[in-house]
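Dear colleague,

I am passing this structure on to you, and I would be grateful if you could look through it with the notes below at hand.

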Amino acid sequence: MPTIHHTEIYTQYQTKMRVRWLSVSATMAILLSIASLPLLTQNTINNYTTFTSSFSNFLKIFRSKTVQRGVADLIVTNGTIFTSDDSLPFAQSMAIRSGRIIQVGDYSSVQFMSTQDLAGPGTRELNLEGKMVVPGFIDSHVHLISGGLQMARVELHDVKSKDHFVDKVKEAVANMKQGSWLLGGGWNNDFWGGELPMASWIDDITPHNPVWLSRIDGHMGLANSLALKLAGTSSYMNDPDGGAIIRNSNGEATGLLVDSTMKLITSCIPEVSVDVRREALMRASNLALMRGVTTVVDVGRYFPGSSTETSWEDFSDVYTWADLVGKMLIRVCLFFPIETWARLRDLKYKAGPKLSEKIYLGGVKAFADGSLGSSSALFHEPYVDEPHNSGLEVADINSLHGMTVSADKAGLQVAIHAIGDKANALILDMYASVVSHNGFRDRRFRIEHAQHLVPGMASRFSEQAIIASVQPDHMLDDADSAIKKLGIERATKGSYVFQSLLASGTKLAFGSDWPVRIYCQQVADINPLGSMRTAMKRIPSGWHEAWSSSECMNLSDALKAYTIWAAHGCFLDKDVGSISPGKLADFVVLSTDSWDEFSREGSAYVEATYMGGIRAFP
């Protein structure tokens, strides 16, 4: 798609200024006329009334926002368009040319312009017939290629018992060659009473195939005995920093590894071929478009204990290739391991932050702690059900501070995973120290997840201008386990405090964290509409009332968290995130034609997804 050049930007600016000058001049004329009303005859007043009525209609035409005139490729009409643009929150129509929006307004304005020079012989019209349109959704935290790979592996998201777990593994291994690794995951032990799985569950049915099955949160995994043997893991090994080998009462390894210890297994798993990873990108991208997602922030296949090279290999072997051959279906903003900040600095210096209309270079990501489900999220107080455990600090804070200072000084955006309240406090303190060291600028530091905060901590996000990159559906996984692990008071007052963050002035950026953890009662995929409904209702499965109802969000804010605020959170707000003149024409047509009903129930599905004004789904 053509890039807007400096001359075009200047033309856009001139056009906007002309419209503003016209509006201001005409308004001044009206005000002067009003001031002289006492001197006018009734006939003059009648003429004046006719004039103001005509002028009101004239202004209505220009009430729409316009970038520049010219023949449109597509005119969208007769809809309810939620723009995510506060200067014009709702519209009925828009015009698109060369993949970008050139005008947004009501039907009469586009109709008027179509009689001038907006429509031509090749202009298409999309009559929405009253349907809702929203900007293309932006998933602010996804592991895109991991998700595509997981779609072709054994899925354990729906497992509800030990027997079901074993049957799933038995079914998956039946058609595999001996020696091949059985990979998959998504299991959640809370759904069968909390008992953790063990290698002994599956050793008898997998004697010739090493197995690695990750937990739903990605911070714990189960290996069978063959995999442990291949990795050289024994019960006599000490736990490394930032990880743990789960043992039974006899001190023997059960097959469960937590956080950094997972590298013992993952380093032995053969690397997925380039072709398989490319297929995974296509699979994941098509799924995203089905869900109305047009842009993702991809934090890569990097987890505690995994190689820092995978994100770079995916960048060169998969993303660059897909862009060159025209197979990039969605837009991606890529984040890389913070340990490799210097490499990203050099790449952005040479190529700039935008490699194409589909690939953006974002920033760097790190981890401060683990997850609640694996009892490795870092808290000030111990877990209620594990009085001697307060979680794991998976990175040395001094080392992390040094890398953050360096990455920030190089102009890179930094995003750090923090789930427990102590982890969030540590990162907020560290970010404040970095700002003090490097000085003030528009850096948009991010905290990924920000799930559990002590009272009063929400305001610190706003005070420090921190982006809270959060995943609403995580609360559905954690509702019961949070009470069990933290107690009712801690779980109720400090968990998933979305509305408190908003009230403090914090920008929320919504995402899925797919495929790491998705609510097991739903299809495991990217699902912005479902996540927004979760943020609005906050009712976990089996519950009859909201979890902390004071933290429920309204639809408008939930939509912005998946659009313009998400775009702001990764510096893409000049290109995407709202239906505004000059931006890329990414939008979603929804099944509903009632904003009021949508606001009450949050129920709708995606009928069509457009990328750059071109229909991408179905």
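A charge is taken to sit over a ring if NZ of Lys or CZ of Arg is within 6 Å of the ring centre and within 35 degrees of the ring normal. By that rule Arg446 lies over the face of Phe335, at 5.6 Å from the ring centre, and the charged end of Arg490 sits over the ring of Phe379, 5.4 Å from its centre.

Please keep in mind that this is a predicted model, in which local features need pLDDT of at least 70 and side-chain atom pairs count only at pLDDT 80 or more, while totals for chains, interfaces and linings use all residues. Residues are numbered from 1 along each chain as its sequence is written, and side-chain values use heavy atoms, with hydrogens and water left out.

Strand β19 (residues 413-418) pairs in the parallel sense with strand β20 (residues 446-449) over 4 bridges, and the bridge partner of Ile416 in β20 is Ile447. Strand β20 is in turn joined by 3 bridges to the parallel strand β21 (residues 467-470), where Ile467 is the bridge partner of Arg446.

The aromatic residues deserve a separate look. Rings of Phe, Tyr and Trp (its six-membered ring) pair if their centres lie within 6.5 Å, and planes under 30 degrees apart count as stacked, over 60 as edge-to-face and the rest as tilted. A search of the whole structure finds 21 aromatic pairs. In one of them, the rings of Phe137 and Tyr562 have centres 6.0 Å apart and planes at 65°, so the pair is edge-to-face. Phe137 lies in strand β9 (residues 137-142) and Tyr562 in the loop between α19 (555-561) and α20 (564-568), so this pair ties together parts that are 425 residues apart in sequence. Both Phe137 and Tyr562 are buried, a word used for under 20% relative accessible area, with exposed meaning over 50% and partly exposed in between (1.4 Å probe, protein chains only). Phe137 and Tyr562 also belong to one aromatic cluster, whose members include Trp543 and Trp547.

Finally, Ser371, in the loop between β18 (359-367) and α12 (397-409), is buried, with a relative accessible area of 1%.

Definitions and conventions:
Two strands pair if DSSP finds at least two bridges between them. Helices (H or I, at least four residues) and strands (E, at least two) are DSSP runs, numbered from the N terminus.
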